[in-house]
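Work through the exercises below with the sequence and the 3D view side by side. Try each task before reading its solution.

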Amino acid sequence: MTTERTDEALVSKIQQGDVLAFEILVKRYQRRLFSFVFRIVYDAHAAEEVVQDVLFGAYKTIHRVDTTKKFSSYLFVIAKNTAISYLRRKKHTVSLDVIEEQATDEETFYENLVEAEQKHRVKEAMNQLEDTYSRIITLYYFDDLSYEEISRKLKLPVNTVRTHLLRAKKKLKEVLI
Amino acid sequence: MKTIDVTRLVMDQVVGFEKRRSAWWIGKFLFILFVLGALGIWVFWIAVTEIFERQTLELLALFTQDREIVAQFWQDTIMVFWEELPQEKLAIGFLALLGVVIFIFINRKNISIIWKKMRQLAKYKEFGNNR
């Protein structure tokens, strides 16, 4: 079936004149492109327009696509550039409401980024702890288990879990600072 | 996350674009073919008219004579015949017609691609609304 064909095989078919094979690529990528573009433009309607432009733009230059390389990478590069161009075009006409909305979204984005960065640092620091301590921290902070659940899982008394966690936190603090 | 379906919109754009691009290519191809072909035929026509006006072909009547006469005069006759031919015009006409053949040959792949595209566009137009 045509739908099971790889992107590169489809691109090759399109280059040979099979215009309608592009429909399969459109169906295959539109949602992924939409969520990708949405994360850049933060506006569903604009993202939809950009996705249309991206797909149409990709078709217009499809005869230049190297079928030995990944088509998806090519598509996402176009998507990124088109989305950025869209933002540049809209820069001077954007309303205050949108700016406010975008600012909030950006704040959330940066908060998430900082959180991810912190988690990464903590995980690296945990590698320097003893196995029991790092395990307890993982179960408590990353897997959100209670003392009782950890106690059952590690077959340790609840109080020992508490003590271990306390010591683990102290050691972790030392490593992080 | 909102889901979208832009397939129809994109394919309409693609088909419209492809129609324009194919029409432009066919127009360009036919124009070059017509110009080369017309040039070749026109120059050939002038050369042939000239040949008939000069009655150059009548020189070849020598070859209907007796064997001894042919053996004696064939080289001179051929030389005069060659001299009397409008060589530049024949060369230009020949090159133009050769150009037509070469032009078709180098575009044979594009011709098959365009042909395929046209069938696909017709298919889209026919079944597009019921897809």
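The model is predicted: local features need pLDDT of at least 70, side-chain atom pairs count only at pLDDT 80 or more, and totals for chains, interfaces and linings use all residues. Residues are numbered from 1 along each chain as its sequence is written, while chains are lettered from A and ligands numbered from 1 in the order in which they are written.

**Exercise 1. The two chains**

Task: Describe the secondary structure of chain A and of chain B.

Solution. Step 1: apply the rule that helices (H or I, at least four residues) and strands (E, at least two) are DSSP runs, numbered from the N terminus. Step 2: for chain A this gives eight helices and zero strands, in the order α-α-α-α-α-α-α-α from the N terminus. Step 3: chain B has four helices and zero strands, and its pattern along the sequence is α-α-α-α.

**Exercise 2. Burial and contact range**

Task: State what percentage of chain A is buried, and what percentage of chain B; then look at the sequence range of the contacts in chain A and in chain B.

Solution. Step 1: count the other C-beta atoms, placed from the backbone, within 10 Å of a residue's own; 20 or more make the residue buried, 12 or fewer exposed, and counts in between partly exposed. Step 2: of the 177 residues in chain A, 22% are buried; of the 131 residues of chain B, 9% are. Step 3: take two residues as in contact if their C-beta atoms, placed from the backbone, lie within 7 Å. Step 4: among contacts between residues at least 6 apart in sequence, 57% in chain A join residues at least 24 apart, and in chain B 80% do.

**Exercise 3. Where the chains meet**

Task: Find how many residues each chain gives to the contact, and which helices of chain A take part.

Solution. Step 1: chain A gives 21 residues and chain B gives 22 residues. Step 2: on the chain A side, α2 (22–41) and α3 (44–60) each supply at least two residues. Step 3: sort that side by class, with Ala, Val, Leu, Ile, Met, Phe, Trp, Tyr, Cys and Pro as nonpolar, Asp, Glu, Lys and Arg as charged, and the others, Gly among them, as polar. The side of chain A that touches chain B then has 10 nonpolar, five polar and six charged residues.

Step 1: The axes of α2(A) and α1(B) come within 10 Å and cross at roughly 145°; axes are lines fitted to C-alpha atoms, for helices over the stretch in contact, and angles run from 0 to 180 degrees between N-to-C directions. Step 5: name the residues, which are A:F22, A:E23, A:V26, A:K27 and A:Q30 of α2(A) with B:T7, B:V10, B:M11 and B:V14 of α1(B). By class they are five nonpolar, two polar and two charged.

**Exercise 4. A helix pair in chain A**

Task: Give the angle between α2(A) and α4(A), and the classes of the residues that join them.

Solution. Step 1: the two helices pack at an angle of about 40°, with their axes 10 Å apart. Step 2: A:Y29, A:L33, A:F36, A:V37, A:I40 and A:V41 in α2(A) meet A:L75, A:F76, A:A79, A:A83, A:Y86 and A:L87 in α4(A). Step 3: this contact has 12 nonpolar, no polar and no charged residues.

**Exercise 5. A helix pair in chain B**

Task: Decide whether α1(B) is roughly parallel or roughly antiparallel to α3(B).

Solution. Step 1: α1 (residues 7–54) and α3 (residues 87–106) of chain B pack at an angle of about 155°, with their axes 8 Å apart. Step 2: angles under 35 degrees count as roughly parallel, over 145 as roughly antiparallel, 65 to 115 as roughly perpendicular and the rest as oblique. Step 3: α1(B) is therefore roughly antiparallel to α3(B). Step 4: the residues of this contact divide into 14 nonpolar, four polar and one charged.

**Exercise 6. The nonpolar cores**

Task: Find how many residues the largest nonpolar core has, and which helix gives the most to this core.

Solution. Step 1: a nonpolar core is a set of buried Ala, Val, Leu, Ile, Met, Phe, Trp, Tyr and Cys residues joined through C-beta atoms within 7 Å. Step 2: the largest has 32 residues, and those with the most contacts inside it are A:F22, A:L33, A:V37, A:V51, A:V54 and A:L55. Step 3: α1 (7–15), α2, α3 and α4 of chain A and α1 of chain B each supply at least two residues; α2(A) gives the most, with 10 residues. Step 4: a second, separate core of six residues includes A:M126, A:I137, A:I150 and A:V161.

**Exercise 7. A loop residue**

Task: Is A:R64 buried or exposed?

Solution. Step 1: A:R64 sits in the loop between α3 and α4 (71–90) of chain A. Step 2: A:R64 counts as exposed because it has 8 C-beta neighbours inside 10 Å. Step 3: the C-alpha atoms of A:R64 and A:Q15 are separated by 8.7 Å, with the two residues 49 residues apart along the chain.
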